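Subject: Structure handover

Hello,

Here is the structure I promised to pass on.

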Amino acid sequence: MSSASPSPIRAVDSPYEQFLATVGGQPRAAQCEQWADEHPGDPDQGRALVHAEWLTARGKQHQGDDAKALELFTRATKLSGAAGRQAQVGVVETLYAQDRERDAEQAEQAPREELTEQPDEAVADLQVFDDMVDMLGEIGRSERALDWCLAALAHPAARENEGTVGGEAARLRRGLRISRALLRRDLGLEPTDDDLAAEAETDAELREFGEGLDRALSGLPSGRPVEVTEDTAAFDGIVLRWVREDFAAVRTRWPESTDSYGDDYTAYAQRLQTDARTYAEAGAARVHIISATLAAYEEFAVREGRDADNPDTRREFSRHVVRAHPDESLAWPPPRNGPCWCDSGRKYKKCCGAPARN
């Protein structure tokens, strides 16, 4: 192991954070929806609904339930704050997924007019623009994405932070500049000097991130075997993830199995991301990430009369969760705009799904 100290446990400072802590950071969609119903008016009600929406979109054996997701997204749009605006992006994305193009374009118009004509929460507004740009670009609607991107860069929050290097608004502005450059390339448009400068800045940031990750992984094995069937039958890939709060205790209890992950949760998550991608590339029909607590695992071992310290018990526990409690496993990869599987609190596209980590 390296000598780095373990990742600190995050503070639980709200009722919803307490709820997430009790379920290991990866609740079922129905649990999130129930929490929202039981906490009307809570500042995190919208966040719980949006969480439920993304989980619903990947439910039903990971094929998604667009109708239910749309119902939840629409409900959340009626709430104020950032979650309500994020839900507007979800409505548009779900309508496009249902091939309801005209409805999707109309749904785009409402937040666009609101953000342009009534900019009252500058940074939050810019985040919605950024989410819409990402989503439209990912589904191949580059012209619409570029239109949103240009409107975002003309927004007061972006103009006010031009030339600054710190703060959330400045970070979003940098991201929008690189999105504009990439979208212009996708559309066959000549890059401007600002496009080239944004790409150069991003390349430098990716190199810096990669070097930091290499340092975190230095001295660890370059790869670990994953269980892949040797015949042509369909198989599921299962990745067991210990929740962030239990990571230090797990590493202390089973050092022989956690040496390959290092002491830092970022490096640990990177290895699990690699495992999940390995299963997908090997042809797995589905890839599951099981987010486990030590308490749940030990309860299983006692109930089944198994040795908790035997690695085979951990593998059987993972299979048991997938078979007996499918709603408690997370389909990988999650939606890019959905919460990351590592319970960092960030979106997948900004966390383990970021290009620099893949």
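**After helix α7**

G140 follows α7 and has a positive phi, near 85 degrees. Helices here are DSSP runs of H or I with at least four residues, strands are runs of E with at least two, and both are numbered from the N terminus.

Some ground rules. This is a predicted model, so local features need pLDDT of at least 70 and side-chain atom pairs count only at pLDDT 80 or more, while totals for chains, interfaces and linings use all residues. Residues are numbered from 1 along each chain as its sequence is written, and side-chain values use heavy atoms, with hydrogens and water left out.

**Helix α7**

Start with its length. The 17 residues of α7 should span 24 Å at 1.5 Å a residue. The expected span is 1.5 Å times one less than the number of residues. The end C-alpha atoms of α7 are 25 Å apart, which agrees.

Is α7 enclosed or open? It is largely enclosed by the rest of the structure, because 12 of its 17 residues are buried. Buried means under 20% relative accessible area, exposed over 50%, and partly exposed in between (1.4 Å probe, protein chains only). Among the buried residues are L126, V128, F129 and M132. Their cover includes α5, α6, α8, α9 (156–160) and α10 (168–186). Contact means heavy atoms within 4.5 Å.

**Helix α6**

Helix α6 takes in residues 101–117. Which residues of α6 are buried? They are A104, A107, E108, P111, R112 and L115. An α-helix has 3.6 residues a turn, so residues three or four places apart point the same way. R102, Q106, T116 and E117 are exposed, on the face turned away from the buried side. The cover over the buried residues includes α5 (82–97), α7 (122–138) and α8 (142–153).

**The sheet**

Three strands form an open sheet, in the order β1-β2-β3, with mixed pairing. Two strands pair if DSSP finds at least two bridges between them. The edge strands are β1 (236–242) and β3 (329–331), each pairing on one side only. Strand β2 (residues 286–292) pairs with β3 in the antiparallel sense, over 3 bridges. H288 has A331 in β3 as its bridge partner.

Best wishes
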